[in-house]
Amino acid sequence: MATSNNVKILGSFASPFVMRARIAANLKSVGYEFLEEKFGQKSQLLLQSNPVYKKIPVLIHGDKPVCESLIIVQYIDEAWSSGPSIMPSDPYDRATARFWATYVDDKWFPSLSGIARAQGEEAKAALIQQVRDGIALLEEAFPKCSKGKAFFGGDEIGYLDIAFGCFLGWLKACEMMNGIKLIDDATTPHLAKWAEKFCSHCAVKDVMPSTDKLLEFAKVLAAKFKAAQS
Amino acid sequence: MAREEVKLFKSLSSPYGWRVVWALKLKGIEYEVIDEDLANKSPQLLQYNPIHKKIPLLVHNDNPIAESLVILEYVDETWKQYPILPQDPHERAAARFWAKFGDAKVLPSIWGSFTKQGKEQEEMFEEAMGNLKCLEEQLVGKKFFGGEKIGCVDLAVGWLGYWVPILEEILGMKLIGKEKFPLLSVWMENFSNFPIIKDNLPPREEMISTYKAYQKKYHSLAVKN
């Protein structure tokens with residue numbers, strides 16, 4: 001896949017949100033230059049291209065920036081319309097996928113990211129339960145969305161697969177750090193099968209960091225958080 | 001062709017519901033409206049939206065769609081007349097960005113300016129001013145956020161035109177001043193006076209008493225904490 005100077009993605013290897021943009025680009029065979037932000041610093045290019053939020057990911061196509069990961073995924077789908085479709089074709093299926101992606105970002109992810117920073121075991125347990133509850137809802141939604149196929153999007157990875165699947169690396173890291181199981185054959189059989197297929201998909205496997213790398217990164221994050229607290 | 005059945009569950013006071021009304025009206029879609037009492041939600045609403053149990057909820061031929069911005073996109077894709085999203089992918093991305101910005105940043109900071117007191121209120125107000133400035137910049141050279149016509153960003157932040165003056169009256173304080181926000185002020189008037197919008201707004205006196213009650217509730221909650 002040729003690297004295109006025309007498309008840049010600003011991000012970090014560890015960010016699941018950045019992963020969304022990269023997976024979408026890979027699905028469409030869109031070559032891009034990956035500009036890795038230095039941890040703890042924001043580059044001039046980032047501040048310039050995302051002045052409102054100053055956050056990664058940012059996609060820069062030509063000289064036009066696109067911000068917010070789910071918006072980037074839809075943009076990639078629409079700007080490169082000749083590749084496989086990322087959004088479902090039916091408007092109701094599209095609404096369902098958008099609904100769940102919004103749920104993941106607005107309701108579920110805050111619980112997941114809160115676990116590492118939880119003050120006390122009780123608070124941690126409550127957040128872990130919230131994460132489990134959300135996973136249970138997605139387990140239930142899977143057959144309705146997939147209609148018997150391998151992914152939420154059907155035969156091929158789609159919008160909701162990307163929106164939720166990007167967190168699988170961090171979910172594994174969370175399981176290891178807390179000695180728990182969040183996705184497994186016994187309690188979430190659909191998602192367990194789906195997770196394996198998603199992580200080994202050619203558009204995903206090179207951008208999903210290993211659990212070891214994420215555990216290492218988690219230590220760096222924890223240290224930064226601790227330092228900020230004192 | 002099967003008969004189209006469109007139901008909208010909303011409430012009288014929530015702007016999230018009214019933005020869907022405006023989209024449906026602009027597109028000339030016939031629908032049944034169910035105004036929910038948020039303190040006593042109907043079994044139908046709870047059945048159709050079990051996860052959030054919230055309004056607005058659109059039910060199209062018995063298929064429920066929740067989350068107002070998701071509903072707006074669904075409405076635009078299902079009924080093609082009067083498109084509310086642009087065609088160009090980059091413009092679409094920008095429209096989605098600003099609609100989300102309205103909900104994620106503008107609305108909470110204005111709401112915080114209205115419900116909080118003292119230092120917290122001051123901080124919320126400063127935040128609101130910053131957020132409104134971003135919106136002001138988006139209106140340069142445009143009549144509406146959507147350009148010549150009302151688009152999804154106008155619908156998403158349209159509540160500013162009618163609800164903010166109500167909050168200002170209750171607060172006794174200007175939130176969106178003409179000097180600081182000349183373009184936004186003109187847009188607010190243009191939007192609220194647009195024929196279809198003007199005819200689809202909740203009654204002002206009732207909104208004043210509803211929002212006065214909200215303010216009282218939030219102030220008393222603050223005292224308890």
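This is a predicted model: local features need pLDDT of at least 70, side-chain atom pairs count only at pLDDT 80 or more; totals for chains, interfaces and linings use all residues.

Colleague: Why is A:Glu68 called partly exposed?

Modeller: A:Glu68 has a relative accessible area of 27%. Buried requires under 20% and exposed requires over 50%, so A:Glu68, at 27%, is partly exposed. The residue lies in the loop between strand 4 (64–67) and helix 3 (69–79) of chain A. Its phi is positive, about 80 degrees, although A:Glu68 is not a glycine.

Colleague: Which residue of chain B other than glycine has a positive phi?

Modeller: B:Tyr82 is one of them, with phi near 45 degrees. B:Tyr82 is placed in the loop between helix 3 and helix 4 of chain B.

Colleague: What makes the contact between B:Arg19 and B:Asp103 a salt bridge?

Modeller: The closest N and O atoms of B:Arg19 and B:Asp103 are 2.8 Å apart. The criterion is a side-chain nitrogen of Lys or Arg within 4 Å of a carboxyl oxygen of Asp or Glu, so the pair qualifies. B:Arg19 belongs to helix 1 (residues 15–26) and B:Asp103 to helix 4 (residues 89–115) of chain B, so the bridge ties together parts 84 residues apart in sequence.

Colleague: Are B:Arg19 and B:Asp103 buried or exposed, and how do you know that?

Modeller: The relative accessible area is 1% for B:Arg19 and 15% for B:Asp103. Buried means under 20%, so B:Arg19 and B:Asp103 are both buried.

Colleague: Why are B:Glu73 and B:Arg96 called buried?

Modeller: B:Glu73 has 10% relative accessibility and B:Arg96 has 8%; with the limit for buried at under 20%, both therefore count as buried. These two residues form a salt bridge, with their closest N and O atoms 2.8 Å apart. B:Glu73 in helix 3 (residues 68–78) and B:Arg96 in helix 4 of chain B are 23 residues apart, and the pair links distant parts of the chain. Both also belong to a network of salt bridges that includes A:Glu78, A:Arg94 and A:Arg98.

Colleague: What separates A:Lys144 and A:Glu140 by about one helical turn?

Modeller: They are four residues apart in helix 5 (residues 121–146) of chain A, which means a separation of about one helical turn. A:Lys144 and A:Glu140 form a salt bridge, the closest N and O atoms being 4.0 Å apart. Both residues are exposed. The structure holds 20 salt bridges over all chains.

Colleague: What makes the peptide bond from A:Ile56 to A:Pro57 cis?

Modeller: Omega for this bond is near 0 degrees. A:Pro57 lies in the loop between helix 2 and strand 3 of chain A. In chain B, a cis peptide bond joins B:Ile55 and B:Pro56, with omega about 0 degrees; B:Pro56 is in the loop between helix 2 (43–48) and strand 3 (57–60) of that chain.

Colleague: Which residues gather in a patch of positive charge?

Modeller: The patch is made of A:Lys42, A:Lys54, A:Lys55, A:Lys224 and B:Lys105. Of these, A:Lys55 is found in the loop between helix 2 (44–49) and strand 3 (58–61) of chain A.

Notes. Residues are numbered from 1 along each chain as its sequence is written. Chains are lettered from A and ligands numbered from 1 in the order in which they are written. Side-chain values use heavy atoms; hydrogens and water are left out. Patches are made of residues with over 30% relative accessible area and no salt bridge: like charges are joined within 9 Å, nonpolar side chains (Val, Leu, Ile, Met, Phe, Trp, Tyr) within 5 Å. Accessible areas come from the Shrake-Rupley method with a 1.4 Å probe; for residues, only the protein chains shown count as cover. Lys and Arg count as positive and Asp and Glu as negative; His and the chain ends are not counted. The place of a charge is taken as NZ of Lys, CZ of Arg, CG of Asp or CD of Glu. Helices (H or I, at least four residues) and strands (E, at least two) are DSSP runs, numbered from the N terminus. Buried means under 20% relative accessible area, exposed over 50%, partly exposed in between (1.4 Å probe, protein chains only).
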